[in-house]
Amino acid sequence: MAIMCLEANAAVIGTFVSTSSDGYAKLCNSAHKKMIPVILDLCDESSINAAIKTIRAILSDATIRLYALVNNSAVMCFGEAEWLPATLITEQLRVNLAGPLLFTGGLIDLLRRDRARLVIVTSHCSQQALPGLSVYSATKAALHGWATAIRFELEPHGVPVVEIMPGSFLLHSNICARQATFFDAMWAGMAEEQRCCYGRYFQRYRDYLDPICQPRPAQRFPEDNTLSAVINGALFDPVPKRMYKCEPWRYWLYYTAFAWTPYSVRSWLIRRFLAMPTYHED
């Protein structure tokens, strides 16, 4: 998204957790002269406030117009709810939900001033919560609800609120790159009885996800990727839609079925859709 905007000759204020990240190295160099980096840790309210202050100072120049504010932060942690220690629950709540709300709240008046669009990346999990992603699903459902509510609030001010549901892009991003450390934290936090109950299943679960949840270099989606077209529309359509979905036929088929089938059938369909290991007593 940052590169798309830079190629459209827009200046981009990009937020980064640190200057040592791969994304920072690739975006904040001489090739991208209109890239303005700001450090932001969504788990730290003082960092959020400092970033808001910096951005407001940049946008105080009367010659600069805010075009869009994009919320694209997420931590996805696979694991059954019983396995998750408080640290992993809290991090997802802060990065996926509380942080974006606080950050956007500090800049809404500038959105209103410039009639800029607010772009929020949610998830298909906001429509159907998935086992193994209970906290992630809860945060994305809440973010979807928030987007829906503030759309009504900002409509009178001519501010479009645009939601993107990007579908699965595990193999094109680092959204699950820390899963191995998450599993270590889960196992360390389990009581002995839980380890006895889940031990073999936990290992099967971990082994299944290991090839998928590997660190990957920061990279742009291919030009012909459907998600690229979805993002392009959300950013640049003159009259943006409320919702942009990257929905391959498999997603459309399953999510349509989820909405219309009784629970007993839906439960089977959801497990089929995920194709994850399931628990059974050894």
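The model is predicted, so local features need pLDDT of at least 70 and side-chain atom pairs count only at pLDDT 80 or more, while totals for chains, interfaces and linings use all residues. Residues are numbered from 1 along each chain as its sequence is written, and side-chain values use heavy atoms, with hydrogens and water left out.

**Exercise 1. Describe how helices α7 and α8 pack.**

Step 1. Helices here are DSSP runs (H or I, at least four residues), numbered from the N terminus. Helix α7 comprises residues 179–189 and helix α8 residues 192–209.

Step 2. Two packed helices are described by the angle between their axes and the distance between the axes. Axes are lines fitted to C-alpha atoms, for helices over the stretch in contact, and angles run from 0 to 180 degrees between N-to-C directions. For α7 and α8 the angle is about 175 degrees, and their axes lie 11 Å apart.

Step 3. Angles over 145 degrees count as roughly antiparallel. The two helices α7 and α8 are therefore roughly antiparallel to each other.

Step 4. Contact means heavy atoms within 4.5 Å. Among the residues making this contact are Phe183, Met186 and Trp187 of α7 and Phe202, Tyr205 and Leu209 of α8.

**Exercise 2. Is Phe202 buried or exposed?**

Step 1. Buried means under 20% relative accessible area and exposed over 50%, with partly exposed in between (1.4 Å probe, protein chains only).

Step 2. Phe202, which is found in helix α8, has 3% relative accessibility and therefore counts as buried.

Step 3. Not counting residues up to four places away in sequence, Phe202 touches Trp83, Phe183, Met186, Trp187 and Met190.

**Exercise 3. Check the span of helix α10 and locate its buried side.**

Step 1. The expected span is 1.5 Å times one less than the number of residues. Helix α10 (residues 249–260) has twelve residues and should therefore span 16 Å; its end C-alpha atoms are 17 Å apart, which agrees.

Step 2. Tyr251, Tyr254, Tyr255, Ala257 and Phe258 are the buried residues of α10. They cover an arc of only 155 degrees around the axis, which puts them on the same side of α10. The arc is that of the directions from the helix axis to the C-beta atoms.

Step 3. These buried residues of α10 pack against α11 (263–274). On the face of α10 turned away from the buried side are the exposed residues Trp249, Ala259 and Trp260.

How values were computed: Angles under 35 degrees count as roughly parallel, over 145 as roughly antiparallel, 65 to 115 as roughly perpendicular and the rest as oblique.
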